[in-house]
Amino acid sequence: MAAAAAGAKAGCMTTTAPAARRVTYRAVLAEPRFRLLFVTRSLAIGADTLRTVALSMLVFAVTGSPLLAAVTYGIAFLPQAIGGTLLGALADRVRPRPLITAGYGLEAATAAVLAMARLPAGASLALVAAIACLTPVFGGASSRLMAEVLAGDAYVLGRSLANIAASASQVLGLAAGGATVAALGARPALLVTAGCHLVAALVVRVWLPGLPSGARPASQPPVSVLRQSWTVNRQLIADPAVRILLLATWLPPAFIIGAESLIVPYAAQHGFPAGSPGLLLACLPAGMIAGDFAAGRLLRPATRERLTIPLMMAAGLPLLAFAVSPPLPAAAGLLAAAGIGPAYILGIQRRFLDAVPTPVLGQAFGLLQTGLMTFQGAGPALFGAVAEITSAGPAMALAGVATIITALGLLPAFRK
């Protein structure tokens, strides 16, 4: 893996070389291909959030089962491990325009079927899970293309903008989801999500240039998608430099999501007003928006990388206070402060590009997303089980402890 990475550097130094000066968000948005990916992905994330809210409410209305309604929120996470493991190579082997278009098209078709076919709850969840298996492939292709069109620190700022837009889209999707379902009904709301994904697919198909697929070395014999996906994933995880960056990207968000999943029980256990869970749930993404903007706009590239571990610890420290049951205003402030910490990921972006061979960059991004979604699916289950034994506050504090321990464990590797 190290030899392949060394060979790849010669052809991609313009993409991964560290920037000598800060780049502005305006300069990043001036790149038309990034701008197109940025807008369509933001639209799709908002649509995904609306679909989750609408489908959860529909499933609960049909079945009356709180468990099935809760499963709806996480059904798109864990299946991504299957697609990322078995089909990840497609992100590099297929041209990006048809692949990304197909991804949004399938999402549109899925939402339309959920709205009109009146499937049983189990079949609806199975359909969402099946499409989620392909998410790492489409996401890997989009991330690879972003890394190819943005050089140096412009790529890091591009990821910062993508993170900000993702958090904002989720907040807007959650805020608008309930209102949309209340105004239109769950099934018409699902048709709205289908329309949003269809618009994204058409925009990509019409305006994204017909760029080539990822390059495969001429000396490499043809292999099946399954074999290449499995082999390259094993090589990436076996590479110490890549493995450290993967763990740094996967573990802290899993712990933070685990704490976030306990906000509703925490509010209920402490008798907060009826509208307080929505307020508290919005605090983390609001903090993430502020953290990503500040780190991307105000910090120089080298400073961002030096602050990777301190920011990681800053994501866990505010959660420790939940062990002493803070009141509503303090809880809101603590969650917003914890949301700033995930900006540490911006200090990892360029390192990840440098560590991964260019020919498998799309699959590497797919693996990154696969692990992130898998661990985020497992985090709520883990800390939810802890909350059953103790209560929500101590379990949230334990999530903070786990984040800090992870940061301290990664510190020696990042010092190198």
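1. Helix H16 (residues 276-298) has 23 residues, so at 1.5 Å a residue its span should be 33 Å, and the 32 Å between its end C-alpha atoms agrees. The expected span is 1.5 Å times one less than the number of residues. Helices here are DSSP runs of H or I with at least four residues, strands are E runs of at least two, and both are numbered from the N terminus.

2. Bear in mind that this is a predicted model: local features need pLDDT of at least 70, side-chain atom pairs count only at pLDDT 80 or more, and totals for chains, interfaces and linings use all residues. Residues are numbered from 1 along each chain as its sequence is written, and side-chain values use heavy atoms, with hydrogens and water left out.

3. H16 does have a kink, about 25° at Cys283, shortly before Pro285. The bend is the angle between axes fitted to the seven residues ending at a residue and the seven starting there. Cys283 and Pro285 are both among the buried residues of H16, as are Leu280, Leu284 and Met288. Buried means under 20% relative accessible area, exposed over 50%, and partly exposed in between (1.4 Å probe, protein chains only).

4. On the whole protein: the secondary structure is 22 helices and zero strands, and 52% of the 416 residues are buried. Take contacts (heavy atoms within 4.5 Å): of those between residues at least 6 apart in sequence, 86% join residues at least 24 apart.

5. Over in helix H22 (residues 392-415) sits Val401, which counts as partly exposed because its relative accessibility is 34%.
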